[in-house]
Amino acid sequence: MGNFGNKWNKFVQIFIEKNGYVKVVQGLQNTLLIAVVGMLKDKDRFHVAGIVKDGIDEWRIASLTGPRASTADDLEKEFLRAGVPAEHVRNFENIPFALEFARGEASHADRIIVFGSFVTVSAAIEALRKDGFQVDIVP
């Protein structure tokens, strides 16, 4: 958890195993949960979306960079195929843009979860730190 102050009381956590996604979704059912997601194309994007789709309210999907990266459009196709409602999905060029948008739409009571890849979480942490937030990694 990071020290985000009163203005933006959100969190960034890393969940590596698929059951970690389920745990966080089940633990936050009484608040709006906004997901900022970017995944590598060699990961089981369809299966991951299927696991968490019923617990996430809004999806902010971003393109990653590099030879294994998924574009936001490709990731969206997999998520829609898994049953994520299209009206709750927005695509972004990169993780910092997706995170900035999510931060702007979230209320004080809402939560933002960043997941999909270490590449995704690293980009989110870097963006938050550039904005002056302290981000601590909790194992």
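**Legends to close-up views of an α/β model**

Read along the sequence, the protein follows the pattern α-β-α-β-α-β-α-β-α. The model shown is a predicted one. It contains five helices and four strands. Of its 139 residues, 47% count as buried. Among contacts between residues at least 6 apart in sequence, 76% join residues at least 24 apart.

**View 1. The open sheet of four strands.** The strands have the order β3-β2-β1-β4, with parallel pairing. β3 (89-92) and β4 stand at the edges and have a single partner strand each, so one side of each is left without a neighbour in the sheet. Neighbouring strands of this sheet are turned by 20 degrees against each other on average, direction ignored. Helix α4 packs on the sheet and touches β1, β2 (58-62), β3 and β4. The direction of α4 makes about 170 degrees with that of β1.

**View 2. Pairing of β1 with β4.** The two strands run parallel and are joined by five bridges. Isoleucine 34 has isoleucine 112 of β4 as its bridge partner, and alanine 35 stands opposite isoleucine 113 in β4. Four of the five residues of β4 are buried, so this strand is largely enclosed by the rest of the structure.

**View 3. The loop between α4 and β4.** Aspartate 110 is found in this loop. With a relative accessible area of 9%, aspartate 110 is buried, as the cut-off for a buried residue is under 20%. The side chain of aspartate 110 reaches the backbone nitrogen of serine 107 at 2.9 Å.

**View 4. Helix α5 and its buried side.** Helix α5 comprises 13 residues (118-130), which at 1.5 Å a residue should span 18 Å. The end C-alpha atoms of α5 are 18 Å apart, in agreement with that value. The buried residues of α5 are Thr120, Val121, Ala124, Ile125, Ala127 and Leu128. They cover an arc of only 165 degrees around the axis, which puts them on the same side of α5. An α-helix has 3.6 residues a turn, so residues three or four places apart point the same way. What covers the buried residues of α5 includes β1 (33-37), α4 (95-105) and β4 (111-115). Phe118 and Lys130, on the other side of α5, are exposed.

**View 5. The two ends of α5.** At the start of the helix, a side-chain oxygen of serine 117 reaches to within 3.0 Å of the backbone nitrogen of valine 119. Just after α5, glycine 132 takes a positive phi of about 90 degrees.

View 6. Lysine 43 is found in the loop between β1 and α2 (45-52). At 43% relative accessibility, lysine 43 counts as partly exposed, a class that lies between the cut-offs of under 20% for buried and over 50% for exposed. Lysine 43 and serine 117 are 74 residues apart along the chain, and their C-alpha atoms are separated by 9.0 Å. The side chain of serine 117 also features at the start of α5, where one of its oxygens reaches the backbone nitrogen of valine 119.

**View 7. Helix α2 and its buried residues.** In α2, Arg45, Val48, Ala49 and Val52 are buried. They cover an arc of only 100 degrees around the axis, which puts them on the same side of α2.

**View 8. Surroundings of lysine 53.** Lysine 53 lies in the loop between α2 and β2. Its relative accessible area is 22%, and lysine 53 is therefore partly exposed. Leaving aside its neighbours within four places in sequence, lysine 53 is in contact with Trp59, Ala82, Gly83 and Val84. The side chains of lysine 53 and aspartate 54 are joined by a polar contact of 3.3 Å. Lysine 53 and proline 85 are 32 residues apart along the chain, with their C-alpha atoms separated by 8.6 Å.

Methods: Residues are numbered from 1 along each chain as its sequence is written. This is a predicted model: local features need pLDDT of at least 70, side-chain atom pairs count only at pLDDT 80 or more; totals for chains, interfaces and linings use all residues. Side-chain values use heavy atoms; hydrogens and water are left out. The expected span of a helix is 1.5 Å times one less than its number of residues. Buried means under 20% relative accessible area, exposed over 50%, partly exposed in between (1.4 Å probe, protein chains only). The arc is that of the directions from the helix axis to the C-beta atoms. Contact means heavy atoms within 4.5 Å. A polar contact is a pair of N or O atoms within 3.5 Å; within protein, one must be able to donate a hydrogen and the other to accept it, and residues adjacent in sequence count only if both atoms are side-chain atoms. Two strands pair if DSSP finds at least two bridges between them. Axes are lines fitted to C-alpha atoms, for helices over the stretch in contact, and angles run from 0 to 180 degrees between N-to-C directions.
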